[in-house]
Amino acid sequence: MGKLVSMLYPKMTATRREEKLDGMWKFCFDPEEKGEQEGWTNGLPGRGAKAELLPVPASFCDFFTEKEKREFTGDFWYERDFFVPGEWKGSRVYLRFGSVTHRAAVFVNGRAVGGHEGGFLPFSLDITEAIRYNETNQVVVKGNNELADDTLPAGQTKILPSGRKMTKPYFDFFNYAGIHRSVWLVSVPNCAIEDYTLSYRLEGEDAVVSYEVEVTDTANELTAGKLIANKLRVKLSVYEEEGDLAAEGEAFWKEETIRKEGTILKGELRVPAVHLWRVRNAYLYRFCFRLYEGDSLVDEYWEDQGIRTIEVKGCEILLNGEPVYLKGFGKHEDSDIIGKGFSAGVMKRDFELMKWIGANSFRTSHYPYSEEMYQMADQEGFLVIDELPAVGFMESLQNFDIAALGKMVPYFLKPTTESLLANHLNALEEMIKRDKNHACVIMWSLMNEPETTSEAAVDYFAKVFERARELDVQKRPRTFAMLANSLPDTCHCYSFSDVISLNRYYGWYIAGGYEIEEAEAMFRKEMDAWAAKGLNKPFIFTEYGADTYASEHKLPSVMWSQEYQKEYLDMYSKVFDSYDFVKGEQVWNFADFQTVEGIKRVDGNKKGVFTRQRQPKDSAFYLKERWESLEQ
Ligand code: BDP
């Protein structure tokens with residue numbers, strides 16, 4: 001495996017070049033796992049018109065009409081050519097994948113250049129030694145989408161009598177796979193800005209920006225002596241939206257700081273009369289970092305960022321010191337035909353709908369989304385709960401066979417726990433590294449509905465939660481979404497959360513339909529029990545919802561009808577409004593989405609407030625009225 005390098009989003013600057021390699025790629029399934037043996041690392045079978053072509057970015061699943069292709073589990077391969085300009089000689093060249101689900105090994109001109117585990121975070125591979133300049137080069141990606149007890153997300157791979165593999169997820173969304181996000185060819189100077197981290201403090205009308213910049217040099221080792229002798233310095237210029245300079249600072253390496261911080265440079269600057277980034281009222285400054293050696297520019301990188309603070313105090317979630325109430329959804333990256341592939345069009349529509357309905361937030365359930373979603377949320381002033389793909393840590397949830405046989409083992413006592421934790425911490429590090437500077441990210445969700453009722457979970461939780469605190473310079477609140485059986489008297493782990501996030505289905509999975517009054521009573525009983533604990537922490541609802549068929553109307557209501565979805569949501573609204581420690585409501589789900597087939601799902605999960613085609617169900621108008629009448 002190659003060394004994983006900078007997570008910075010590809011950008012053209014005075015010193016950097018990028019080219020998107022999206023479009024039609026050659027594609028091949030490899031059910032017999034013979035690719036390597038047959039030399040596919042040098043190119044896939046089927047030349048010219050004999051090649052099978054597939055679009056990138058997209059899931060491969062829903063293009064095909066054959067079921068074994070849609071459900072395909074195992075190895076799959078992609079290939080395409082790319083051209084490397086001769087002018088790039090002397091700089092470092094990378095291939096940057098937004099995501100390949102769930103894992104990838106990459107070959108350039110037949111040579112292995114690295115890979116990545118985990119299907120929802122980006123990776124860059126240094127391909128400088130493998131390319132030919134001013135010529136056509138070839139990239140081959142071997143992907144794999146199998147799940148196991150220790151993968152994020154978790155699940156199983158079953159072998160059918162035909163020998164075909166099949167995915168058995170422990171979670172409720174279709175196991176879409178493929179190259180889901182853009183692929184870039186990137187050129188970056190040898191001595192470059194590897195990463196930067198921002199945090200803020202408000203002082204009267206001003207903001208004090210603390211910044212850290214990490215510099216790497218792939219050609220030479222950056223020793224303390226060299227950093228000082230080369231007179232390397234970083235200049236940070238912060239520009240207003242109109243382009244005027246708002247603040248500027250410069251930092252040099254000094255003997256004392258190098259000994260302590262290595263190649264990381266730290267500085268502070270003051271933005272006078274700051275325009276704060278506010279909920280649904282964003283302001284973005286352009287942060288431009290320039291790395292100089294003496295007087296010559298070595299590297300330049302910029303991004304638009306909002307300035308804001310986020311903290312939890314008592315039962316309040318405070319943005320810029322002011323309380324916020326979350327209104328919005330748990331979402332999915334999911335749409336017709338392209339599955340989990342990124343589409344700027346779908347993203348735009350989703351934001352338009354969320355604005356229309358009066359939402360101000362969403363959770364990236366159940367995995368980190370494409371980077372463009374966070375950029376857009378920064379732009380639109382949406383609050384994002386950023387979630388890891390840590391879902392399915394509860395074997396019985398979707399794996400009905402095992403549950404029925406009563407073969408349940410506490411999830412964190414399985415022999416796979418150690419490798420699960422290693423994968424989990426790795427994804428955590430990557431997610432925080434990728435998303436830490438986004439103003440929109442106000443909270444980290446470290447797991448969805450894990451098993452928390454056995455003591456074994458405590459040690460696991462402690463490690464994940466402590467690591468998140470350590471990694472995030474902004475010290476954002478941490479949470480995890482709690483399953484129905486994680487209750488005040490059964491859950492061993494809620495105290496790790498800075499904000500308590502509940503997924504609740506009273507009135508759907510529990511006491512649905514005419515029994516809804518009983519559901520409400522049970523719900524209130526649980527809330528009273530939480531209140532009695534006096535946790536002095538904010539509570540939010542990260543899930544509540546009812547499956548609803550967009551074609552069903554019924555008076556009086558029945559479950560699955562549009563009328564029932566409204567009654568259900570209205571019951572929840574009343575309960576939320578009775579407890580002042582409830583600081584947010586995110587309905588499950590924004591839109592209908594694809595799942596595995598089964599007796600509980602009619603061509604997918606229908607809890608959407610919008611259909612999968614992004615048209616409103618009746619409950620959308622109900623929520624619009626409520627959310628527009630609630631304060632931020
Ligand atoms: C919760 C899960 C979510 C499911 C939802 C449901 O967090 O992924 O889709 O319930 O059942 O258990 O609709």
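Which residue has a polar side-chain atom that lies 2.7 Å from an oxygen atom of the ligand? The residue is Glu543, and the legends below, all drawn from a predicted model, begin with its surroundings.

Figure 1. In the side chain of Glu449, an N or O atom is 2.5 Å from an oxygen atom of the ligand. For Tyr509, the distance from a side-chain N or O atom to an oxygen atom of the ligand is 2.4 Å. Glu543 also brings a polar side-chain atom to 2.7 Å from an oxygen atom of the ligand.

**Figure 2. Packing of helix H7 with helix H8.** Helix H7 covers residues 417-435 and helix H8 covers residues 456-471; their axes are 10 Å apart and pack at an angle of about 20 degrees. Because angles under 35 degrees count as roughly parallel, H7 is described as roughly parallel to H8. The crossing in which H7 passes H8 is right-handed. On the H7 side, the residues that meet H8 are Thr417, Leu420, Leu421, His424, Leu425, Leu428, Glu429 and Ile432. Their partners in H8 are Tyr460, Lys463, Val464, Arg467, Ala468 and Leu471. By class, the residues of this contact of H7 with H8 comprise nine nonpolar, two polar and three charged.

**Figure 3. Packing of helix H9 with helix H10.** Helix H9 (residues 516-533) packs with helix H10 (residues 562-577) at an angle of about 30 degrees, and the two axes are 11 Å apart. H9 and H10 are therefore roughly parallel to each other. H9 passes H10 in a crossing that is right-handed. H9 contributes Ile516, Ala519, Glu520, Phe523, Arg524 and Met527 to the contact. From H10 come Tyr564, Glu567, Tyr568, Met571, Tyr572, Lys574, Val575 and Phe576. The contact of H9 with H10 holds ten nonpolar and four charged residues, with no polar ones.

**Figure 4. Packing of helix H10 with helix H11.** The axes of H10 and helix H11 (residues 618-629) cross at roughly 25 degrees and come within 8 Å. This angle makes H10 roughly parallel to H11. H10 and H11 cross in a right-handed sense. In H10, the residues that meet H11 are Gln562, Glu563, Gln565, Lys566, Leu569, Asp570, Ser573, Phe576 and Asp577. They face Asp618, Ser619, Tyr622, Leu623 and Arg626 in H11. Four nonpolar, four polar and six charged residues make up the contact of H10 with H11.

Figure 5. Pro57 belongs to the loop between strand E3 (53-56) and helix H1 (67-70). Asn589 is placed in the loop between strand E32 (582-588) and H11.

**Figure 6. Positive phi values at Ala273 and Trp560.** Ala273, a residue other than glycine, has a positive phi near 45 degrees. The loop that holds Ala273 is between strand E19 (264-271) and strand E20 (285-293). Trp560, also a residue other than glycine, has a positive phi near 85 degrees. Trp560 is located in the loop between strand E31 (539-543) and H10.

Note on methods. Residues are numbered from 1 along each chain as its sequence is written. This is a predicted model: local features need pLDDT of at least 70, side-chain atom pairs count only at pLDDT 80 or more; totals for chains, interfaces and linings use all residues. Side-chain values use heavy atoms; hydrogens and water are left out. Axes are lines fitted to C-alpha atoms, for helices over the stretch in contact, and angles run from 0 to 180 degrees between N-to-C directions. Helices (H or I, at least four residues) and strands (E, at least two) are DSSP runs, numbered from the N terminus. Angles under 35 degrees count as roughly parallel, over 145 as roughly antiparallel, 65 to 115 as roughly perpendicular and the rest as oblique. A crossing is left-handed if the near helix is turned anticlockwise from the far one by less than a right angle, and right-handed if clockwise. Contact means heavy atoms within 4.5 Å. Ala, Val, Leu, Ile, Met, Phe, Trp, Tyr, Cys and Pro count as nonpolar, Asp, Glu, Lys and Arg as charged, and the others, Gly among them, as polar. A polar contact is a pair of N or O atoms within 3.5 Å; within protein, one must be able to donate a hydrogen and the other to accept it, and residues adjacent in sequence count only if both atoms are side-chain atoms.
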